[in-house]
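User: Hi! Could you walk me through the aromatic rings in this one?
Analyst: Happy to, here it is.
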Amino acid sequence: MENLHEPADTRSMGIVHSALRRDLERTRLVLASPPYPDGRRRRALAGHVVWMMHVLHMHHTAEDAGLWPLIRARNPSASGLLDQMDADHQRIAPAITTVEEAARAYRHSECTRERLRNAIAGLNDVLLPHLQREEFEMMPVVGATITTAEYLAVENEYFVKPKSFTELGAEGPWIIDGACPDDRDVILHVIPAVPRFVLLHTFGRSYRRKATLLWEDGPAAAVPPLTASVKDAGIPPAEPTTRRNQADRYPQTGPAPM
């Protein structure tokens with residue numbers, strides 16, 4: 001397909017993915033390293049995992065309903081890659097359900113911690129390669145097919161409008177936790193100025209309290225947004241993540257300021 005415009009700015013996709021990777025890794029660390037969460041913290045972690053699965057489900061629903069049909073209509077040569085996106089979503093959906101069920105069980109009993117760890121590992125097996133494929137293969141096609149204005153219109157119609165202000169208030173500070181200034185601006189400027197102010201100054205405080213409860217001051221609190229790299233997409237096996245090498249990589253502790 002001939003490219004008749006500058007590539008559309010699709011950075012928001014990778015920024016959301018990076019937040020999801022970050023908190024899946026944070027959760028893995030907390031579940032893998034004693035002292036394990038209990039009581040209020042365990043219940044909060046279980047609720048956060050269920051919430052993340054809802055965010056992921058809504059994200060995929062928006063892609064399936066809005067973004068992919070537009071690209072398929074505008075760029076027939078992308079049909080093979082779009083079919084792969086659809087197949088990925090079909091594989092990820094049952095893994096999301098498995099994680100949700102394990103998290104709800106963990107809310108009621110610490111004895112199911114290993115079940116939740118295994119469920120998250122299973123989700124990562126199918127989700128993380130999909131996120132990389134989407135960022136390194138699909139987004140360049142999206143950028144070459146539609147304009148930034150068209151991408152923002154889809155984002156507003158399918159990713160933002162279906163959510164209540166409360167949902168956006170919970171999601172916004174979570175996405176920008178630890179993000180660089182440019183990435184913060186990309187996400188925050190999807191939202192009009194007045195709601196943006198409320199989001200930062202009201203929901204931001206609530207998010208910081210929640211993050212402190214979830215991650216405390218251990219290695220999980222220092223995990224930044226995890227950006228996929230070209231090296232990752234090239235498939236060399238990554239070093240297994242442990243609490244020790246996470247602490248080496250992410251020496252700062254405490255939730256990032258909103």
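Analyst: Rings of Phe, Tyr and Trp (its six-membered ring) pair if their centres lie within 6.5 Å; planes under 30 degrees apart are stacked, over 60 edge-to-face and the rest tilted. This is a predicted model, where local features need pLDDT of at least 70, side-chain atom pairs count only at pLDDT 80 or more, and totals for chains, interfaces and linings use all residues. Residues are numbered from 1 along each chain as its sequence is written, and side-chain values use heavy atoms, leaving out hydrogens and water.
User: How many aromatic pairs are there in the whole structure?
Analyst: The search finds two.
User: Which helices are Trp51 and Trp174 in?
Analyst: Trp51 is in helix H2 (residues 39-74) and Trp174 in helix H6 (residues 165-176), so their pair ties together parts 123 residues apart in sequence. Helices here are DSSP runs (H or I, at least four residues), numbered from the N terminus.
User: And the pair of Phe165 and Phe203, what is its geometry?
Analyst: Phe165 and Phe203 are also edge-to-face, at 5.6 Å centre to centre and 75° between the planes. Phe203 lies in helix H8 (residues 193-215) and Phe165 in helix H6, so this pair ties together parts 38 residues apart in sequence.
User: Is Phe203 buried or exposed?
Analyst: Phe203 is buried, at 19% relative accessible area, while Phe165 is partly exposed at 39%. Buried means under 20%, exposed over 50%, and partly exposed in between (1.4 Å probe, protein chains only).

Terms used. Helix = DSSP H or I, 4+ residues; strand = E, 2+ residues; numbered from the N terminus.
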